[in-house]
Amino acid sequence: PTSLPDEQAPDYAAWHPTSLLETGQDILFFWVARMVMCSLQLTDRLPFSEVYLHAMVRDKRGRKMSKSLGNVIDPLEVINGVSLANLFAKLDAGNIEPKELAAAKKMNEEEFPLGIPECGSDALRFGLLAFCGQGRDVNLDIARVVAYRNFCNKLWNATRFAFLYLDAADGQAPFRPAELPAAGGAANLPLLADAWILSRLAHAVKTLDAQLTAYDMAAAVTTVYEFWYKELCDVYLEAVKPVMKQEDAAAKHATQTVLHACLHHGLRLLHPFMPYVTEELYQRLALLAGEPRASIMVAPFPQPAAVAAWASEEAERDMELLASLAASVRTVRAAYLKGPLERHAPEVYIVCRAPAAAAVVASQLETLAALAKSSRSPPPTLHLVAEGEAPPAGCATDVIDASLEVHVLLKGLIDLSREVARLQKEAAAVEGRLAKLQAKMAMPEYATKCKPQQQQEDAAKAQGCEGELAAIGRAIAQFEAAA
């Protein structure tokens with residue numbers, strides 16, 4: 001009998017067996033099977049209970065990276081950046097056939113005309129995890145890694161901006177967050193945006209936990225990306241700006257507490273995917289709040305049970321209403337208020353025929369105004385049209401649904417007769433597209449020769465054209481009546 005391993009050694013007890021091995025498909029037999037056989041022979045125990053097979057990284061065209069093809073992308077070149085000249089120099093120094101060398105240089109010149117930009121290790125790590133959704137093979141596209149580098153920049157800038165909101169009442173002492181209510185619904189938090197973002201955080205924690213348990217890495221990075229980018233940065237930080245300008249210290253501190261919770265939980269959620277930037281921001285957040293300095297690596301990962309009480313269907317439903325109104329206002333402004341008028345703050349009239357929804361809008365006009373502005377335009381002046389009344393003439397209208405409409409006053413700002421002519425020209429173009437679709441769908445062999453999926457797409461396009469014509473017709477009628 002052999003004396004190896006020493007089963008009484010502390011290291012053996014701590015590290016054998018493990019729970020998970022992460023490896024590649026290509027060495028499943030050459031290495032993994034031998035590890036299993038060796039452990040069974042020496043200890044009569046499996047060395048691990050699960051094996052996670054990562055994808056094989058290929059080039060953008062799906063080819064296996066090979067020195068002989070000259071298509072190898074060095075991770076350090078993505079992290080630190082490299083010029084096109086240095087890429088060429090590396091190819092020249094390699095052992096590549098002259099014909100393949102010319103093809104490799106042409107490929108590099110087409111894909112990286114300015115070289116590979118510096119992306120950092122966090123963006124590369126995040127990108128590789130996002131690519132896992134492609135299956136066993138990952139076609140590495142540097143352009144997407146650059147996009148995730150931009151996400152790192154947004155994360156850094158947005159978090160540093162949020163830090164400006166986390167100041168103490170006297171401006172001297174560290175910020176001290178209050179205790180959050182047991183439930184995060186609108187009834188317990190005065191600001192709808194606070195209740196909404198806590199609910200979205202609870203959803204992100206629950207969803208991410210399930211995705212990581214299932215090793216669905218691509219979906220996991222999408223979940224944490226959408227929470228940070230689309231919800232925390234694009235919506236919540238904009239929605240709370242009016243509160244941060246108020247003199248109401250209690251309301252301000254409540255929002256600061258929610259913001260601190262979102263940053264604290266959000267950085268821990270993101271840390272496995274972007275370890276370096278989250279470590280730096282987590283340390284700064286702890287310093288700002290006067291908390292003991294400790295690495296985010298030893299901080300507990302957010303658990304669904306700890307945040308489940310923050311979920312609020314009511315807050316999410318009410319915030320969805322505000323988001324649809326804000327998007328409608330921005331769409332109409334972008335369509336009509338261009339050039340010098342882009343910085344104009346228009347009068348906006350909201351028609352809401354559902355009493356419950358009207359009550360939500362009436363109580364959240366300040367938040368809605370903050371969400372309806374853009375980077376170049378100030379918040380609009382909002383009016384909720386009373387029941388039985390109508391918005392003034394000369395408005396551009398966007399009908400969200402049967403009970404909800406947005407009217408943006410344009411009379412006196414644009415030439416209505418010129419706008420009518422433009423809309424009539426646009427209507428003619430839509431009518432032309434619709435006529436072609438209808439002619440195609442009316443052909444005798446269309447139903448038998450055209451695939452069902454294509455028929456559905458054509459029907460949807462025709463319905464979209466008809467809806468577009470109806471909307472243009474309503475706008476023309478409004479402008480003609482006000483001209």
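Select Tyr215 to begin: at a relative accessibility of 28%, Tyr215 counts as partly exposed. The model on display is a predicted one. Tyr215 is placed in the loop between α8 (192-213) and α9. The backbone deserves attention here, for Tyr215 has a positive phi of about 55 degrees although it is not a glycine.

**Two further loops**

Is Asp44 buried or exposed? With a relative accessible area of 66%, Asp44 is exposed.

Now select His16 and Pro17. The peptide bond that joins them is cis, with omega at about 0 degrees. Pro17 belongs to the loop between α1 (10-15) and β1 (20-24).

**The whole chain**

The chain contains 19 helices and eight strands. Its C-alpha trace spans about 95 × 70 × 50 Å along the principal axes. The radius of gyration is 29 Å, whereas a compact globule of 483 residues would have one near 23 Å. Of the 483 residues, 40% are buried. Among contacts with a separation of 6 or more, 74% are made by residues 24 or more positions apart.

**Helix α11**

Select residues 249-270, which form helix α11. This helix has 22 residues and reaches 31 Å from its first C-alpha to its last, close to the 32 Å expected at 1.5 Å a residue. How many residues of α11 are buried? The count is 16 of the 22, so α11 is largely enclosed by the rest of the structure.

At the N-terminal end of α11, display the side chain of Asp248, which caps the helix. One of its side-chain oxygens lies 3.2 Å from the backbone nitrogen of Ala250.

Then select Thr255, which lies in helix α11. Its relative accessibility is 1%, so Thr255 counts as buried. Which residues touch Thr255, leaving aside its neighbours within four places in sequence? They are Leu191, Asp194, Tyr236, Val240, Val243 and Met244.

**Aromatic rings**

Display the side chains of Phe and Tyr for the next stop. A pair of aromatic rings is described by the distance of the centres and the angle of the planes. The structure has ten aromatic pairs. One of them joins Phe151 and Tyr225, whose ring centres are 4.7 Å apart, with 55 degrees between the planes; this pair is tilted. The pair links distant parts of the chain, since Phe151 is in helix α7 (residues 142-163) and Tyr225 is in helix α9 (residues 217-239), 74 residues apart. Phe151 is buried, at a relative accessible area of 3%, whereas Tyr225 is partly exposed, at 23%.

Another pair to display is Phe161 with Tyr165. The ring centres are 5.2 Å apart and the planes stand at 65 degrees; angles over 60 count as edge-to-face, so this pair is edge-to-face. Phe161 counts as partly exposed at 32% relative accessibility, while Tyr165 is buried, with a relative accessible area of 12%.

Ring pairs link Phe126, Tyr148, Phe151, Tyr225, Tyr229 and Phe273 into a cluster. One member of this cluster, Tyr229, has the charged end of Lys154 over its ring, 4.9 Å from the ring centre. A further example is found at Phe88, where the charged end of Lys105 sits over the ring, 5.6 Å from its centre.

**Helix α17**

For the last stop, select residues 416-441, helix α17. At 1.5 Å a residue, the 26 residues of this helix should span 38 Å; the end C-alpha atoms are 37 Å apart, which agrees. Which residues of α17 are buried? They are Leu416, Glu419, Val420, Leu423, Ala427, Val430, Leu434 and Leu437.

Note on methods. Residues are numbered from 1 along each chain as its sequence is written. This is a predicted model: local features need pLDDT of at least 70, side-chain atom pairs count only at pLDDT 80 or more; totals for chains, interfaces and linings use all residues. Side-chain values use heavy atoms; hydrogens and water are left out. Helices (H or I, at least four residues) and strands (E, at least two) are DSSP runs, numbered from the N terminus. The expected span of a helix is 1.5 Å times one less than its number of residues. Buried means under 20% relative accessible area, exposed over 50%, partly exposed in between (1.4 Å probe, protein chains only). A polar contact is a pair of N or O atoms within 3.5 Å; within protein, one must be able to donate a hydrogen and the other to accept it, and residues adjacent in sequence count only if both atoms are side-chain atoms. Rings of Phe, Tyr and Trp (its six-membered ring) pair if their centres lie within 6.5 Å; planes under 30 degrees apart count as stacked, over 60 as edge-to-face and the rest as tilted. A charge sits over a ring if NZ of Lys or CZ of Arg is within 6 Å of the ring centre and within 35 degrees of the ring normal. The radius of gyration is taken over C-alpha atoms; the globule rule is 2.2 Å times the number of residues to the power 0.38. Contact means heavy atoms within 4.5 Å.
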